[in-house]
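Subject: Handover of a structure for your study

Dear colleague,

Please find the structure below.

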Amino acid sequence: VFSPTETFEQPILIELLYLQIVHDIFSSVCIRISEAERTNMKIFLSSHGVATISDINLIKALPAKKDIIEQARQWPIYFCRLFPISTFVSHPNEEQFLGLSHCGIRLIKQSRTTTKKDALEVLETFPFDTIQCVSPIQNDSTIELTLSKKRITLSSHRILCVKQMIENYLQEYRTDGNKQQSHGSNQKLTSPLLSNTSDLFKSSSQTSLLSYSQTFSELIPSTSFEIYTPKPTKNDMACSSLSVLPTGHSMMEFALQNFKIPNKRRSKKRWKTSEWTWQDYAELIKWSKSPIETPLLRHSSKDPIRIVRQCFLSIMRFMNDHTMSRGQTDIDCLHYLLKNMHKHRSLIDEILCQIIKQLTDNKSVKTDSIERGWKLLALILNHFIPSEHLQPYFVKYLHDNRSKNEKLALLCLQHYEQTLKYGGRKNPPNKGEVDLLIANAENVGKNQIFILPGGYPLSLVITPSMVIDDCRNLLCERLNMSNPLETDEYSIFIISASDHSARLLDPKEYLIDIINECLRVNMIDFHFMMKRILWFNIPFIFNTNNQSETFIHFMYHQLIPELLEGTMIILNNNHLSDELVQEISLMAALQYRASNKIDLPTMREIKSLLPATILKLKSVVPREWTIAIHDKLRSFVESMPIIEAKIQFLNLIKTWPLFGTTFFIVESIDDPTIRSPCFSGISRNGIVFLDLDTRETLFTILFDDVVSIRRHRNSIAIKYGSLNQPNVILCQIDKAQDFVTLSGRYLSLIGRSLSSGLERKSDAQQIHRSLTSICNDAISTVL
């Protein structure tokens, strides 16, 4: 919380505030930040190279960090002290909070979004200059605030703290205001900001236009420029669309503020200079039949004007408004635009404005000019989106044109939202993708097969803007998964059959980019597979009422190899308990029934149904296992439906203590109480060290006790216990990166699941934040 006059000049304070804000931006836990605020800040951070939390140290300069803090200070709730209250006058019967910050007082309520996430919503705002006085406390829990136009009554069990804080902030605000008034007596007084941009330009007189243009720069932030107000003409007065400037973030407003226009020009009638008019401004944002000579936007002298003109020509050629160069094609024009937008980031807004210009009031003799222009915009929006400054005008333009070009405008909006969320595609589209969009914009999707364990295929219609996370969510929907937290426990891999390699795909990777890259390197024997790599939200009951048959097949075929490896079997003194013998016999019988075989299994077939660790035991007698499995089959398993056999198998194996554990081989460990080599297992409960032969537990570290997990090559350092004096375990682990990544995913998932319940302790929160940045590393252990 800031006080009204508090500053933050100390470097250590700036650093701490910067780290706090960026961590909260890339975390879904902080409900004090709205989705719009989070999105805008991510755009600002990405302009400085901070695309993920792992890039947090890329911003070094204190002024840039101060800009980030200043933006966060403008958010209504983030730097607020919240008090639970009830009001007797406005908004009754709602759970409310009083938010007190350096800007004033806000009435806030807690609500739930459409995705069932908690959110805070501002109901009313009362700046300090509207608060006249605060009444004494009544009935030990109530005060009355006298405002300039009304009174509100507040009731809270913390009313004394509320009253003291309001009075202190009011006194500080008024003292500072008096000082500024005395020091600024010789300065010009500025008129208050208008509350709505629609109040602008309500008069077509030159006087009103001049006065409103002075406040326009305050309403819409932009880079520094000279304000130039065009002179209205009689023609402008007669035409309402020109005399009244379109408001609410129209492209006309953006052009007025940002387009590069000479102050004077030569008059056609007289060989003398004349001022620009509203008609001239209106023409700047309309379709042009000839190439532009200068950039639309204000650029520095270093920007490549020749490239800007060539980009406009490429747009015209793509839209069939200009003849192609010899051998040039649509894909060449698109790649030229994308290449220069990537190389010269300042050209992103320029090229988007050029496309909008050519779409506006298009009078081309080519009937497909407008349609091809929208398709070009859709292709570009898969890679780049406008800056934060152009964004509101650009989005409004898309929405305003939905009635004229509904399907294409919606496609552009979809691509824009995906790029805003995931950062845009990294590779340019190939010719086939561009030709498909040009030929048929209504159906730009293609069928893609995803393989589940056991070889079961699922087909999805994928679009150019889809990322791996979208594919995973759609696959989970097909499997009737409704819990979003459970969805996060699944991942998609790309598997190459020729070199037997597998890579875990980042949820933010664009699927078309991955496919195009495979085709580029002539890797045609690849396929996509979805597997479950986390076991945090484990279903208590497997049945056909809660899950689809496909889901049952999926889980069964993923867990069969884990059973046969024998890593989940715990041996007491290298001996199998009678209960475990019966369970393994039953599971072998269930496997045989699930394979839909008729005759009883032979002794050789029995060996293929038993875990590898069981077969190594000297006490194992194949004949005894054969008799036990035959008895289970004859008694009741043989008559089971196949799906029921798989359900019984799943319900049995999930009761095992080591179910849901991913195992790693620890080659050595510096703790003498833990025998090495050994196994290390990661599960929902934490990190466990197990005997290599018997799987008996040697040592356990709960995730709540973890302070940090660090890797150096194949060496892992696990700090646990007290944050001030932690214990440290050093060990050499095969596939150390996978170990750290999987631990980070569990910690991140635990943090998300607890965000709506009990509050995590601060040191655990720091772990979750630090490990989230590595959650997208490749995991090979699970395959």
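The second largest cavity is lined by Ile468, Arg472, Tyr490, Ser491, Ile492, Leu504, Leu505, Pro507 and Arg745. A cavity here is a set of points, on a 1 Å grid over the protein atoms alone, where a 1.4 Å probe fits but cannot get out, and its lining residues have an atom within 4 Å of a point. Helix α17 (468-478) and strand β12 are the elements that give two or more residues to this lining. The largest share, three residues, comes from β12. The space in the second largest cavity is about 40 Å³, where a volume is the space filled by probe spheres set on the points, and points are joined across faces, edges and corners. Two cavities of 30 Å³ or more are found in the structure. Rolling a probe the size of a water molecule over the atoms shows where empty space is left.

Please note that this is a predicted model, in which local features need pLDDT of at least 70 and side-chain atom pairs count only at pLDDT 80 or more, while totals for chains, interfaces and linings use all residues. Residues are numbered from 1 along each chain as its sequence is written, and side-chain values use heavy atoms, with hydrogens and water left out. The elements are DSSP runs numbered from the N terminus: helices are H or I runs of at least four residues, and strands are E runs of at least two.

The sheet and its helices

Strand β12 also belongs to an open sheet of five strands, in the order β11-β10-β14-β12-β13, with mixed pairing. The edge strands, each pairing on one side only, are β11 (456-462) and β13 (501-504). From one strand to the next, the twist averages 35°; axes are lines fitted to C-alpha atoms, for helices over the stretch in contact, and angles run from 0 to 180 degrees between N-to-C directions. Two strands count as paired if DSSP finds at least two bridges between them. Strand β12 (residues 490-496) pairs with β13 in the antiparallel sense over four bridges, and Ile495 has Ala502 of β13 as its bridge partner.

Helix α19 (residues 511-520) packs on this sheet and touches β10 (446-452), β11, β12 and β14 (526-532); its direction makes about 140° with that of β14. Helix α20 (residues 549-565) packs on the sheet as well, touching β10, β11, β12 and β14, and its direction makes about 90° with that of β14. Contact means heavy atoms within 4.5 Å.

Why is α19 described as largely enclosed by the rest of the structure? The reason is that seven of its 10 residues are buried. Buried means under 20% relative accessible area, exposed means over 50%, and partly exposed lies in between (1.4 Å probe, protein chains only). The buried residues of α19 are Leu511, Ile512, Asp513, Ile514, Ile515, Asn516 and Cys518, and they pack against α16 (431-439), β10, β11, α17, β12 and β14. Just after α19, Asn522 takes a positive phi of about 60°.

Strands β2 (residues 96-101) and β3 (residues 104-112) run antiparallel and are joined by six bridges. A hairpin of two residues connects β2 to β3, and Gln96 stands opposite Lys109 in β3. Strand β3 also pairs with β4 (residues 118-127), in the antiparallel sense over nine bridges, with Arg106 opposite Thr125 in β4.

Salt bridges

How many salt bridges does a search of the whole structure find? The search finds 26, a salt bridge being a side-chain nitrogen of Lys or Arg within 4 Å of a carboxyl oxygen of Asp or Glu.

One of them joins Glu167 to Lys163, with the closest N and O atoms 2.7 Å apart. These two residues are four apart in helix α4 (residues 159-183), so about one helical turn separates them. Glu167 is partly exposed, at 32% relative accessibility, whereas Lys163 is buried, at 14%.

Another links Arg151 and Glu144 (3.5 Å, N to O). Arg151 is exposed, at 51% relative accessibility, and Glu144 is partly exposed, at 25%.

Lys597 and Glu605 also form a salt bridge, with their closest N and O atoms 3.7 Å apart. Lastly, Lys286, Asp361 and Lys363 are linked in a network of salt bridges.

Yours sincerely

Definitions and conventions. 1 Å grid on protein atoms, 1.4 Å probe; cavity = no way out; pocket = protein on both sides within 12 Å on 5 of 7 lines; lining within 4 Å.
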